[in-house]
Amino acid sequence: MTEHTPHADPADPQPTRLLRGGEVHSPADPFATAMVVEQGRIAWVGSEGAADAFAQGVDEVVDLDGALVTPAFTDAHVHTTSTGLTLTGLDLSGAGSLAEALDLVRAYARSRPADRVLLGHGWDAARWPERRAPRRDELDEAAGGRPLYLSRVDVHSAVVTTALLSEVTGIRDRAGFRDGEPLTRDAHHAVRAAAFAAVTPERRAEAQRAALRHAASLGIGSVHECGGPDISSPEDFTALLALARQGEGPRVFGYWAERDPGRARELGAVGAAGDLFVDGALGSHTACLHSPYRDADHTGTAYLGAAEVAEHVAACTEAGLQAGFHAIGDAAVTAVVEGVRAAAEKVGPARVRAARHRVEHAEMMTPATIAAFAELGLTASVQPAFDAAWGGEDGMYADRLGAERARTLNPYAAMLKAGVPLAFGSDAPVTPLDPWGTVRAAAFHRTPEHRISVRAAFTAHTRGGWRALGRDDAGVLVPGAPADYALWRTGELVVQAPDDRVARWSTDPRSGTPGLPDLGPGRELPVCLATVVGGREVFVRPQG
């Protein structure tokens, strides 16, 4: 319940607000129950008794009624337009079989008679009893002969109809085209560009708004948009940044994946980074490996080598801009490390570390590359939901790599122990926007030795995203920090760690450790009641 005091001015978009009667997750006071927000920043955090002194001097008093207040989440890797198109369009991630997927295509084609190109996402043949991708003739029939683009769940390959293929000149001569198989590499990039060129500005804006609204409803206060010429378009990227500047939803920080720092700056990006591909993805057999796949007689695809990485990192460091790369396979990660180290030799290791360059995904890490990340100050922008979706003894990773290699993936505990900064994200629409689910996935990793505490995972998904931007003053509820926070309905607060003895002590009030929701498997995840960005409400859950 919110009480409006005589000090409130209805025309003031930034009222001074006192929140009280809840649980405030803050390192400034582990027992805080109240917080004051003023001019878009946290002004005070403390106890209920001390809150009385502020009650008469604020514009609004918010009775939290026991709600938990936390920093808003940051999703450090999102494709906003694609996420919105999936939310509002053809989502095949729930299809349990090839037949069901084709039925969904037929129904969607009937429902969108005016669309010049039909777009869909999320198929995963590894989960289907048929164990194969849709054939082109099956898609031609299901789509009624219309142009259709369906990206695999990892967005590193796609299946398309004959009508869409016919729109791309020379498609059969491009790398990654194999008749009868999903398109990868240059062939995939070309058909993706042709398909997304058919998205009208109105449809694009609708999708972007849908994605940002959904993010806000989940307590996400900022997203890192990963755009680039092989992923979206300059028009898509700049339109999203312009939409975000209206201040009606989460903050958007854009990364543009092109080896041209000047171009990234021109587009309004905070870095020439994000999905600047060094390799592809494991599911599409395009992640670049040192040793061949278990289920394919090759080692994947290398888009960039150490020399190109070094050149880009040096140029970005000289320009005062973040560099970054997409690297999943162990050979790709090695290329990044060798390249960044070469750049450090050229421009100086202190300058490289200070730039906080970043690597997206960084899944196949070794002790040597983990140590190099720490040495070079590289942030690992990672997606714990990947392990939840594809890890384990019988998961996709094991299919591609064999169980022994698969068990080495996403070693978050070792990375944190070595001092590698982690920033958590979803790579939506590859996996859904789901911040508490992401924290749970890291804390209950399918490989037990890679698990980290809920507190460490939560930090990686809040403060970690801000630190990945070079900001150490945000993502935490302390005086002076931006007032980006979320209110949650949840159960008892606990401290969960991989070692049960630590968890038991930490739940004792004498430990002074701020608690978080119990995220144990099967537990209900917290429900977002409101999300506030810069002191402005961007989401309020309807009552009832």
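T462 is buried, at 2% relative accessibility. Buried here means under 20% relative accessible area, exposed means over 50%, and partly exposed is in between, with a 1.4 Å probe and protein chains only. T462 sits in the loop between α19 (454-461) and α20 (463-468). Helices are DSSP runs of H or I with at least four residues, strands are runs of E with at least two, and both are numbered from the N terminus.

Before I go on, a word on what you are looking at. This is a predicted model, in which local features need pLDDT of at least 70 and side-chain atom pairs count only at pLDDT 80 or more, while totals for chains, interfaces and linings use all residues. Residues are numbered from 1 along each chain as its sequence is written, and side-chain values use heavy atoms, with hydrogens and water left out.

Back to T462. What does the side chain of T462 reach? The backbone oxygen of F458, at 2.8 Å. That is a polar contact, meaning a pair of N or O atoms within 3.5 Å; within protein, one must be able to donate a hydrogen and the other to accept it, and residues adjacent in sequence count only if both atoms are side-chain atoms. Setting aside neighbours within four places in sequence, T462 is in contact with P71, A72, F73, T74 and G475. Contact means heavy atoms within 4.5 Å.

The next residue is H357, in the loop between α12 (349-355) and β17 (358-361). H357 is also buried, at 2% relative accessibility. The side chains of H357 and T317 are joined by a polar contact of 2.8 Å. A polar atom of the H357 side chain also lies 2.9 Å from the backbone nitrogen of A323. Not counting residues up to four places away in sequence, H357 touches V313, C316, T317, L321, Q322, A323, V352, G377, L378 and T379.

Now the nonpolar cores. In soluble globular proteins, nonpolar side chains tend to be buried together. A nonpolar core is a set of buried Ala, Val, Leu, Ile, Met, Phe, Trp, Tyr and Cys residues joined through side-chain atoms within 4.5 Å. The largest one here has 77 residues, and V278 and F373 touch the most other members. Helix α11 (residues 330-347) supplies the largest share of this core, 10 residues. A second, separate core has 20 residues, including L98, L102, V105 and A133. As for V278, its contacts outside four places in sequence include T301, Y303, L304, F325 and V336.

On to the strands. Two strands pair if DSSP finds at least two bridges between them. β10 (residues 118-123) and β11 (residues 148-152) are parallel, over 5 bridges, and G120 has L150 in β11 as its bridge partner.

Elsewhere, strand β20 (residues 485-489) has 4 of its 5 residues buried, so it is largely enclosed by the rest of the structure. β20 pairs with β7 (residues 68-71) in the antiparallel sense over 4 bridges, with L68 standing opposite W488. β20 also pairs with β23 (residues 527-533), again antiparallel, over 5 bridges. There, Y485 has V532 in β23 as its bridge partner.

Last, charges. How many salt bridges does a search of the whole structure find? It finds 28. A salt bridge is a side-chain nitrogen of Lys or Arg within 4 Å of a carboxyl oxygen of Asp or Glu.

D179 and R136 form one of them, at 3.2 Å from N to O. D179 lies in the loop between α5 (162-165) and α6 (185-196) and R136 in helix α4 (residues 136-142), so the pair ties together parts that are 43 residues apart in sequence. D179 is exposed, at 54% relative accessible area, whereas R136 is partly exposed, at 21%.

E393 and R407 form another, at 3.0 Å from N to O. E393 lies in the loop between α14 (384-390) and α15 (396-401) and R407 in the loop between α16 (403-406) and α17 (412-418), so this pair links parts that are 14 residues apart in sequence. E393 is exposed, at 52%, and R407 is partly exposed, at 35%.

D115 and R112 also pair, their closest N and O atoms being 2.9 Å apart. Finally, a network of salt bridges links D124, R127, R152 and D154.
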